Amino acid sequence: MRAIQRRRQEPPGSRLSSTKIHGTPPRPESEVDGGADRAPSHPVTHDVRFLETDQVRSAHNLFAATIHRGPMEDERWPRVARSYSPGRTIGVHHGSTLVATAMSFPSELVVPGGAVLPMAAVTRVGVRPDHTRRGLLSAMMRAQLDDVAARGEPVATLRASEARIYGRFGYGVATRGRDVTVRVTRPAWRPGAPQGGSVRLLDRDEILPALQKVHEAVALTRTGSMTRRDSWWWSSIGRRVEDREPVIAAVHTGDHGDDGFAVAFRGESHSFAEQTLELADLHAADVQATAGLWRFLLGVDLVGSVQADLRPLDEPLELLLASPRACVVTGHHDETWLRLVDVPAALAARSYGVADPVLIAVHDPLLEKNAGVYRIAGATAERVGPLGGPVTPQLECDVAALAMAYLGDRTPSELVATGWWQAPDQAAVPHADAAFGTTASPWCGTYF
Ligand SMILES: CC(C)(COP(=O)(O)OP(=O)(O)OC[C@H]1O[C@@H](n2cnc3c(N)ncnc32)[C@H](O)[C@@H]1OP(=O)(O)O)[C@@H](O)C(=O)NCCC(=O)NCCS
């Protein structure tokens, strides 16, 4: 696995960016509540800046309110505070009132071919309901993209609450997942399905360290995967274990050592003899380990079904089960929204399939340095000219649509067919498919 170094590390809190945006003033409460619709009498300034560490808790509570959650309890705040990286939380003030926030934390993303790119993981984005649709998110996104670019992180990713928010900022859906409910049948497994190796159940106090170790070993071998921080493990798994929730956590050991893990909590159940397990996390190095872990979960006594969200699209459950219909797909979702912040670096970092060279024009109105014609040839990708210059592109797309093909989730031909990409030279489409194609579905498996 190749690691690409960060270009620059900011000392904590060293930079303070301040942008003024002018917009319609928020309406007084009487108007928000349906009062007279008066025109604003004066422009209002919103200040967009990076917050100091002592302002982050207010930002956290503001974000929580925008997703209809309550403020953080005092005793939990010190743990949650660790999930904020100094100097990476943006706040927008209206006067002295914080009205919008967005943050990012440093992580890494695995791209086709195995390179690991520094990545900004963008999260906790929220605007107070009485200040929405005045351009505050747009201002924060611009400030954040500039910051991420200055940090030398060539990619940013996020999980979107709604699908119509982030495309305009150059984010495209780059990995997807499916929700499944697997019913326990007897026998559960098709004769000939891989047996897997051995599975050992973990004691509660072993869970976090054991899972972290296996995740580091196996998850980063998959395109689309990312590294996790201690604070992620605590807030997603550790907190629930600490709260004494019933949990089943297990590690799979194959021919070459520990190669997968699963952790499931008790879900809502109406039958004591057929309870539901909610799979919170399962990563495995290969089909053997995947099969071993699912076989284990479905074999636990008093379990009638296992529910799992956002599993890889190519997880081969139907091929393993005695009855493929025991696996019911209950939903499909976008998972990773990817922003190629430094297109030349990102394109150069991934590998390509064997194909004739292709010339792709990339548009990026927000980060214009990315705009240009790129040549993908053999193992290399490089910018060979500006847009509208002497090099005639065969294919054309904006940066968000490029992100949709970047990890291999979508093929250039389906993007051309649906109008996401244009193909002035149709003959280039199969070559682009061969260059961008990957064998496994990209998948991250980390919700943040
Ligand atoms: C989503 C949210 C951050 C948008 O903030 P905002 O300040 O209103 O966004 P902006 O005013 O900068 O909007 C920019 C553009 O996006 C559009 N837009 C913003 N939110 C949208 C939404 N939820 N659905 C559709 N379009 C949206 C705006 O209409 C605007 O379009 P325009 O430029 O064509 O007029 C805000 O509504 C919010 O906090 N929602 C609840 C929390 C949430 O979902 N956070 C995101 C977590 S991933």
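Let's start with glutamate 318, which is partly exposed at a relative accessible area of 27%. "Partly exposed" here sits between two cut-offs: buried is under 20% relative accessible area and exposed is over 50%, using a 1.4 Å probe and protein chains only. A word on the model: it is predicted, so local features need pLDDT of at least 70 and side-chain atom pairs count only at pLDDT 80 or more, while totals for chains, interfaces and linings use all residues. Residues are numbered from 1 along each chain as its sequence is written, and side-chain values use heavy atoms, with hydrogens and water left out.

Now, which residue does glutamate 318 meet in a salt bridge? The partner is arginine 178, at 2.8 Å from N to O. By salt bridge I mean a side-chain nitrogen of Lys or Arg within 4 Å of a carboxyl oxygen of Asp or Glu. Arginine 178 lies in strand E8 and glutamate 318 in helix H8, residues 317–320, so this pair ties together parts that are 140 residues apart in sequence. Helices (H or I, at least four residues) and strands (E, at least two) are DSSP runs, numbered from the N terminus. Arginine 178 itself is buried, at 6% relative accessibility.

The structure holds 17 salt bridges, so let me show you a couple of others. Arginine 339 pairs with aspartate 364, their closest N and O atoms being 2.7 Å apart. That pair links distant parts of the chain, 25 residues apart: arginine 339 is in strand E15, and aspartate 364 is in the loop between strands E16 and E17. Both partners are buried, arginine 339 at 1% and aspartate 364 at 4%. There is also a network, in which salt bridges with shared partners join Arg176, Asp409, Arg410 and Glu414.

Most residues other than glycine have a negative phi, and most peptide bonds are trans. Arginine 124, in strand E5, has a positive phi of about 50°. Arginine 133 has a positive phi too, near 60°, and is found in the loop between E5 and helix H4. Are these two arginines buried or exposed? Arginine 124 counts as buried, at 18% relative accessibility, whereas arginine 133 counts as exposed, at 79%.

And where is the cis peptide bond I wanted to show you? Look from arginine 186 to proline 187, where omega is near 0°. Proline 187 has its place in the loop between strand E8 and strand E9.
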